[in-house]
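Dear colleague,

Please read them alongside the coordinates.

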Amino acid sequence: MKGWRSAPLIWVALALAIGVPIAAAATSEQLAWRGPLYILAGFAGIVALGLVLAQPLLIGGYLPGLSAYRGRRAHRWIGGALALAVVIHVAGLWITSPPDMIDALTYTSPTPFSPFGVTAMWAIFIVAVLAALRRRLGLRLRTWRIVHIPLAIVIVAGSVAHCLLIEGTMETISKAVLCALVLAATVKLMADLWRKRTLRGESA
């Protein structure tokens with residue numbers, strides 16, 4: 001009964017964790033000085049970070065009401081949405097400021113947040129391509145995890161560092177909370193995966 005009652009609260013907490021930073025960014029005074037395409041690119045980045053939070057929660061089975069199968073399926077779909085959000089983010093910034101994006105993509109930008117974002121972007125694209133071609137490549141589950149888990153860590157670390165170092169439209173406190181939740185969910189998932197692996201090793 002207690003778990004049943006707490007289930008809606010978990011979903012509400014997730015919605016707030018993602019929705020509050022987006023709503024707070026929508027009230028930023030800096031939007032008055034930005035064009036529509038730049039604003040779209042910026043919000044695509046915020047949405048992308050929210051999707052990064054959902055990924056470990058889905059694959060770890062931490063969201064109530066979802067079976068393991070549905071969680072994995074949603075994880076794949078959210079991964080595709082994440083890649084699309086990053087494409088919109090990068091494409092919008094490229095159109096509005098090509099020189100800055102060239103500097104960022106070539107790791108020559110003077111801004112400290114650029115290399116973290118670009119590295120996370122490439123990791124996201126690699127995971128998306130490998131996931132799409134997994135069957136054709138014949139990747140077994142064990143091999144897929146060996147490749148996917150380190151890339152996921154790069155995605156999380158790079159995305160959080162990129163977000164925290166940017167002084168833009170996102171409100172400071174809600175941004176910090178979202179980043180902390182992304183890190184906490186990822187650490188929780190990695191700890192659980194390590195524990196399961198250890199238990200399997202002991203029982204073998």
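How many disulfides does the count come to? With a disulfide taken as a pair of cysteine sulfur atoms within 2.5 Å, the count comes to 0. This is a predicted model, in which local features need pLDDT of at least 70 and side-chain atom pairs count only at pLDDT 80 or more, while totals for chains, interfaces and linings use all residues. Residues are numbered from 1 along each chain as its sequence is written, and side-chain values use heavy atoms, with hydrogens and water left out.

As for the cysteines, the sulfur of cysteine 163 has its closest cysteine sulfur in cysteine 179, at 3.8 Å, which is too far for a bond. Cysteine 163 is buried, at a relative accessible area of 9% (buried means under 20%, exposed over 50% and partly exposed in between, with a 1.4 Å probe and protein chains only), and cysteine 179 is likewise buried, at 2%.

Turning to the rings, Phe, Tyr and Trp (its six-membered ring) pair if their centres lie within 6.5 Å, and planes under 30 degrees apart count as stacked, over 60 as edge-to-face and the rest as tilted; by this rule there is 1 aromatic pair. That pair is edge-to-face and joins tryptophan 122 to phenylalanine 125, with 6.1 Å from centre to centre and 80° between the planes. Both residues lie in helix H5 (residues 114–132), 3 residues apart, or about one turn of the helix, where helices are DSSP runs (H or I, at least four residues) numbered from the N terminus. Tryptophan 122 is partly exposed, with a relative accessible area of 42%, and phenylalanine 125 is also partly exposed, at 24%.

Best regards

Technical notes:
Helix = DSSP H or I, 4+ residues; strand = E, 2+ residues; numbered from the N terminus.
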